[in-house]
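Q: I would like to go through this model with you, one topic at a time. Shall we begin?

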Amino acid sequence: MKKMLSLLVCGMLVVGMIGCESTEENSYDTSDDVISNREELEERNKEAIKEAEEPELVEEEERANKEALASDLESTIANSMGGNYEVAVVIDDNGDCNIGIADTTTIYSGYDKETIKSLSKQYGLESGAIGIQENAETVFVNAGYTNMNVTLMITGADYVPFMVVMHGIATYY
């Protein structure tokens, strides 16, 4: 019986040793994975930081593109209006477009609101101004700026506004 017990104990030791060896062979050093994961996380952090900085660059590029469009609009409107008109197109701090057209030959501030409204409709000024405002919006929409407001203001030689056009609606002052 002692022999059997000895063989049994020896067999268990041998099986235990084989099991230990196989566990050691199949185990691996996790430090490589930790380093790999750390490098991957650092790369992701760099990308996240870069993406966080990009909106400012995009905003500056967007602003420059809007300014270029505004400049093109200004020259197009000025060329179509003739020499008796001053035209200014600017992008305000909110990123919206403001267009100013001044008739340099006539002062309209002496007329009452109803007279100006009647004359503007009679001579097609209102529909022309609405057309300019809507076409300017279309220019910006076609360039990808869908949330942009375009406001057109018309003044006389004294630069007192008598008509403002927004969203295709003319308002008189």
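Q: Which helix holds E126?
A: E126 is found in helix α4, residues 125–142; helices are DSSP runs of H or I with at least four residues, strands are E runs of at least two, and both are numbered from the N terminus. This is a predicted model, in which local features need pLDDT of at least 70 and side-chain atom pairs count only at pLDDT 80 or more, while totals for chains, interfaces and linings use all residues. Residues are numbered from 1 along each chain as its sequence is written, and side-chain values use heavy atoms, with hydrogens and water left out.

Q: Is E126 buried or exposed?
A: E126 is buried, where buried means under 20% relative accessible area, exposed over 50% and partly exposed in between, with a 1.4 Å probe and protein chains only.

Q: With which side chain does E126 make a polar contact?
A: The side chain of E126 makes one with the side chain of Y172, at 2.5 Å. A polar contact is a pair of N or O atoms within 3.5 Å; within protein, one must be able to donate a hydrogen and the other to accept it, and residues adjacent in sequence count only if both atoms are side-chain atoms.

Q: Turning to the strands, how do β4 and β5 pair?
A: β4 and β5 (residues 169–172) pair in the antiparallel sense over four bridges; two strands pair if DSSP finds at least two bridges between them. V165 stands opposite A170 in β5.

Q: In which sense do β2 and β3 pair?
A: β2 and β3 pair in the parallel sense, over six bridges. In β3, T155 is the bridge partner of A102.

Q: A last topic: how many aromatic pairs are there?
A: The structure holds three aromatic pairs. The ring centres of Y108 and Y111 are 6.4 Å apart with planes at 40 degrees, so this pair is tilted. Rings of Phe, Tyr and Trp (its six-membered ring) pair if their centres lie within 6.5 Å; planes under 30 degrees apart count as stacked, over 60 as edge-to-face and the rest as tilted.

Definitions and conventions: Lys and Arg count as positive and Asp and Glu as negative; His and the chain ends are not counted. A salt bridge is a side-chain nitrogen of Lys or Arg within 4 Å of a carboxyl oxygen of Asp or Glu.
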